[in-house]
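Trainee: I am new to this structure, and I would like to understand how its descriptions are reached.

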Amino acid sequence: MKADSLYISSLEPAAGSLIITMGIMELLKGKLGRVAFFRPVIDVSSEKDHDTSFVLEKYALDMNYEDAYGFTTHEVENFMAENKFNYFIESLLEKFKKLENSYDFVVVEGLNNSSFSNSVDFDINLAIAQNLGAPYISVLKGKNKSAIEIFDEISIEKDSIKNAGCTHIATFVNRIDPKITNELRGNLLSLNTKDSPVYLLEEVTELDTPTVAEIKKNLGCIQILGEEKDLRRVVKQSKIAAMKLENFLEYLEDGDLIIVPGDRSDIIIGSLSSVFSKNYPTISGILLTGGILPHKSIKKLFSGFDKCTMPILSVEEDTYTTAMKVKDVPATITPQSDRKIALAMGLFSSNVDTNYLGNKIVSEITSDTITPIMFEFGLFERARSDKKRIVLPESGDERILRATEILLRRDVAQIILLGDKKETLEKSKTLGIDISKATFIDPKTSPLMDKYVNIFYELRKKKGLSLEVAKQSLELDSYFATMMVHCGDADGMVSGAVHTTQDTIRPALQIIKTKPDISIVSSVFFMCLETKVLVYGDCAVNQDPNAEQLAQIAMTSSQTAKIFGIEPRVAMLSYSTGDSGKGDDVEKVRDAANIVKEKMPDLLVEGPIQYDAAIDKKVAKTKLPNSKVAGRATVFIFPDLNTGNNTYKAVQRSSGAIAIGPVLQGLNKPVNDLSRGCLVADIVNTVAITAIQAQGV
């Protein structure tokens, strides 16, 4: 299949082309399996081109760094001086065609024109795009420009692309002063942008601000205190501590990096104390100068902090030299910059018609491949399309707060946090994260409490529940959150980072209950393999389901698969295939498969079947040659919890598969359980899944 391509380029440096490239990569990786990245020209001022290295790592592209670029600026300038432009283009085409023939799509990012010397006196990116036959996206820099100046640039760029004979997909204007956005939108009404829309992205200070990690790397600092995650704090400004402590504290601002000689114990202790005080702003870190490490008594003080998230770094240079170097540290985005990436992609998705742009770019390209990245990006895109309110009752857990920031920045869902708002915001402040856009509800003071107590009492009084016990139950955050979902004050709930599975499921069974004709709550894992996503059920909830329950698990799992874009072909697993085996365990699976076939005659289901026959086409030809499921199964139903739980973990560990789940199913409204060992990424994915489930309620 012939691949398609897209050329992204800016005229000026620091226009934010990488953010647009990231946005396009997310659109593509949600639709296509094999995407390549290519830069026709790179600047060799650093060891490796930043954008190329970033894209290859962040999006796990299956290609070598050397294949992802054509020439250096120095080589291109030599070609121009020797009048070898045609040779340059022909050589580029040769590299580009190899990528076209091997991938579904090639994203091309040009180097801004100002990176070339005067020997290149034309728009080299337009010339390259024209010869590659790649549609064009232009990126303009709006920083420090008026609405009229930006409008004129848009008009000129539009004409230039048209005159070059390139297909103009869209224009992005980055880093616009928010004060002129409305004026610019008004000006654009007079410009025909139907076929090539203009997207406006306002300046976001944090994206142009270095983190503590970037300062550490650029200055070669050693780290004395803090963990790796603490280095993600943004340094809004730096301050040299030359005053006495009592005077210096009055000048503290949020996001300060305190630069101080290593022997100023008073400033070090005072700055650290400000982190735990509600009366002072939260600094981003402390940078000790002069190669002087704190006195051993100060180090002993550090080691006594249980959960100090404040990074302390040290450098050899003097204070003045260090301050000058800090000032020159550029803001970058690395694959590890989770907060910046979330902020950038939230900015992109909230200002761009992603459905229109995605369909325009890949209108005629299809792929059967589903990679883990495709699946994950697809989750975010679907969740964003109809944002739901997801309540997280465990706001005291650091992972929940970090996940909340990412979810809010990526605009995946509206997040409701249970707990004291002031305490939660104070904790997030000490962690250096921003969750201010979340909704905060304290069950202890909420006017909803009395209403929920009465509703719960009415639901359970026939079971012997007293009003007093109902009140005690609703004081538990898991019950309160579940009642929010039941009453429509939230669309879904995610819990389990602190609570047990029973703490999450029990309230759901008592309050939300199961769907009609479904007697049990079950679960699935989305097993993201290299080129496909499989559904495994039930690997987390039901210990030894009978035939009827197993059939319900299969039917519910097939519906879950369908919701998430996976065509259900159900394999009812056993230790024998077809009629080859006997015994109670095999008969249970056979009976379950027959129940499914009777109740859902249009569903492709096979059972009993062994795992190898279900997934391997060669084995399937031998054991079940006429089966429409064997060798092609997408939904795997295990006969019991012991088999399912061990199998999913074995596949996960041996193949490197990403297991997303457990995802609960069968409830009237979505509630999902986290593992108590979950990572921030697990929470983010589970919230996105819960939001998508809520869209179908």
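Predicted model: local features only at pLDDT ≥ 70, side-chain atom pairs only at ≥ 80, totals over all residues.

Trainee: What makes β3 and β7 the edge strands?

Mentor: Seven strands form an open sheet in the order β3-β2-β4-β1-β5-β6-β7, with parallel pairing. Strands are DSSP runs of E with at least two residues, and helices are runs of H or I with at least four, numbered from the N terminus. Two strands pair if DSSP finds at least two bridges between them, and β3 (69-72) and β7 (198-202) each pair on one side only. Strand β6 (residues 168-176) is joined to β7 by four bridges, and Thr171 has Val198 as its bridge partner in β7.

Trainee: Why are α16 and α27 called oblique to each other?

Mentor: Helix α16 (residues 398-409) and helix α27 (residues 680-695) pack at about 55 degrees, with axes 9 Å apart. Axes are lines fitted to C-alpha atoms, for helices over the stretch in contact (heavy atoms within 4.5 Å), and angles run from 0 to 180 degrees between N-to-C directions. Under 35 degrees counts as roughly parallel, over 145 as roughly antiparallel, 65 to 115 as roughly perpendicular and the rest as oblique, so α16 and α27 are oblique to each other.

Definitions and conventions. Residues numbered from 1 in each chain as written. Heavy atoms only, no water.
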